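Have the viewer open as you read.

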Amino acid sequence: MGVSINVDSRQDYSYLFQGLSSGGMGNLNFLSDYASIRNGSYGKLMKAYYGAGQASSTSSNGTSRSSYNILEKMEQEKRNPKVSKDVQEANSSLTSGLSTLKNSIAALQNDSTYTDTDNGRSAADKVVSAVKAFVTDYNKVVTAAKGSTLTSQTAYVANMMSATSASADMLAEIGIKVNAKGTLDLNEAKLKEADISKVQEMFSAEDVMSYGSRLASRVHFAGSASTSGTDKTTGTDTGTDKKPVVTGAAGVKADGNALASADLYEKVTDKDGNEGYDIAKIFATAKSFVNNYNSMLKTAESSSNSGVIANLSYIRQKTAQNADSLKQFGISVDAKGRMTIDEDTFKKSDMSKVQKFFKDYGSSVAGNASLVDFYMKTQANAANGYTAAGGYNVQGSLGYNGIV
């Protein structure tokens, strides 16, 4: 049974709600509040509370009013949302800033920056100019990200800040200091005294694990995230045909664990009675691992999820550290971190050494690949995955803050 009340601003209807059952009190309290607003008692209470001690002024009709009317201020803020405007500006600045930062990093990765020009400009002057531009652009992105709601981009910025924090000592050697706010301060005098070859090494495009390469990767994918079919403010998919997430991470987990297990290396007897490894089976597993590894990188590198980024960074570093060992078995890692496998070299390898190597490397990569797969599928909110300083605060990320 509904209750219909004609609220008249001249009367107080609070007596209507006395003695009614508790089951309807939620709606009745609402009606009571509404009546208070309509009859003016709520407004008077608010004005009296917030106007206490404030100077009074006289309106055009001669009546006295508080100079600080909280209701009017709230209404003005509603009509002119200052916070929303600030957020919009931050989002715009972040998007444009990422594009500019991408260019300044590219300049420091370009070999021509480190060579003298025909017009007499020295390489040292060009490096100083390029580093100054980088620091300026980096700070603009970090500042904008802190006020932005574009979570798919800010997750990459957080990872970029974490990589910078991990490289703080090296940056200090060339005059760049990482301050408490996560932005950079440049000591130009110290930079001019630094060996430019050290700057070039830090920003090397050839070394996939260099500081410059890690930043370039984050900035690249942050820029790509802004053009995808996802609403960056809410994190909801705007597409009509939503497809399930498919990654190679689950395959990397399975193949990595298989290559780390003793079962794969059990001796078999061939038709001639000779006992040995089932090399064809081991190679097939290794080839599958390589294919799934590359597929995982292709898919996961475009993710904005901080859990994915943290675990993928650990996998890439683990692989880079073991590149020489992998090469002995015919598995090469290129500048982008992708793998290729040479069948002849692998099959001629000592399988006992393959087993010993993958017992550590395979199981380690499999563990992180499992987390990459988990975060890719669940798509946990990226905005909750990192702290303001760029450190991660998500399941599976503990211990990675210093290495990503």
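A crossing is called left-handed if the near helix is turned anticlockwise from the far one by less than a right angle, and right-handed if clockwise. With that in hand, you can check that α5 passes α6 in a left-handed crossing. This is a predicted model, where local features need pLDDT of at least 70 and side-chain atom pairs count only at pLDDT 80 or more, while totals for chains, interfaces and linings use all residues. Residues are numbered from 1 along each chain as its sequence is written, and side-chain values use heavy atoms, with hydrogens and water left out.

**The protein as a whole**

- The secondary structure comprises 16 helices and eight strands; helices (H or I, at least four residues) and strands (E, at least two) are DSSP runs, numbered from the N terminus.
- The protein has 404 residues, and 39% of them count as buried; buried means under 20% relative accessible area, exposed over 50%, and partly exposed in between (1.4 Å probe, protein chains only).
- Among contacts with a separation of 6 or more, 65% join residues 24 or more positions apart; contact means heavy atoms within 4.5 Å.

**Helices α5 and α6**

- Helix α5 spans residues 123–146 and helix α6 spans residues 151–166; they pack at an angle of about 130°, with their axes 10 Å apart.
- That angle makes α5 oblique to α6.
- Here axes are lines fitted to C-alpha atoms, for helices over the stretch in contact, and angles run from 0 to 180 degrees between N-to-C directions.
- The angle classes are roughly parallel under 35 degrees, roughly antiparallel over 145, roughly perpendicular from 65 to 115, and oblique for the rest.
- On the α5 side, Y138, V141, V142, A145 and K146 meet T154, V157, M160, M161 and T164 of α6.
- The residues of this contact of α5 with α6 comprise seven nonpolar, two polar and one charged; Ala, Val, Leu, Ile, Met, Phe, Trp, Tyr, Cys and Pro count as nonpolar, Asp, Glu, Lys and Arg as charged, and the others, Gly among them, as polar.

- The axes of helix α11 (residues 249–260) and α12 come within 8 Å and cross at roughly 150°.
- α11 and α12 are therefore roughly antiparallel to each other, and their crossing is left-handed.
- From α11, A249, G251, V252, D255, G256, A258 and L259 meet I282, T285, A286, S288, F289, N292, Y293 and M296 of α12.
- The contact of α11 with α12 divides into nine nonpolar, five polar and one charged residue.
- α12 also packs with helix α13 (residues 306–321), at an angle of about 140° and with the axes 11 Å apart.
- α12 and α13 are therefore oblique to each other, and they too form a left-handed crossing.
- Y293, M296, L297 and A300 of α12 make this contact with V308, L312, I315, R316 and T319 of α13.
- The residues in the contact of α12 with α13 are seven nonpolar, one polar and one charged.

- N294 has its place in helix α12, which covers residues 279–300.
- N294 is buried, at a relative accessible area of 19%, and it touches R338 and M339, leaving aside residues up to four places away in sequence.
- A284 and E343 lie 59 residues apart along the chain, and their C-alpha atoms are separated by 9.5 Å.
- Y277 lies in the loop between β6 (275–276) and α12, where it is partly exposed with a relative accessible area of 26%.
- Not counting residues up to four places away in sequence, Y277 touches Y265, K267, V268, I282, M351 and S352.
- Y277 and M351 are 74 residues apart in sequence and 7.3 Å apart in space, C-alpha to C-alpha.

**E173 in α7**

- E173 sits in helix α7 (residues 168–173) and counts as partly exposed at 44% relative accessibility.
- E173 touches K190, A194 and K198, not counting residues up to four places away in sequence.
- E173 and K198 are 25 residues apart in sequence, with 8.9 Å between them in space, C-alpha to C-alpha.
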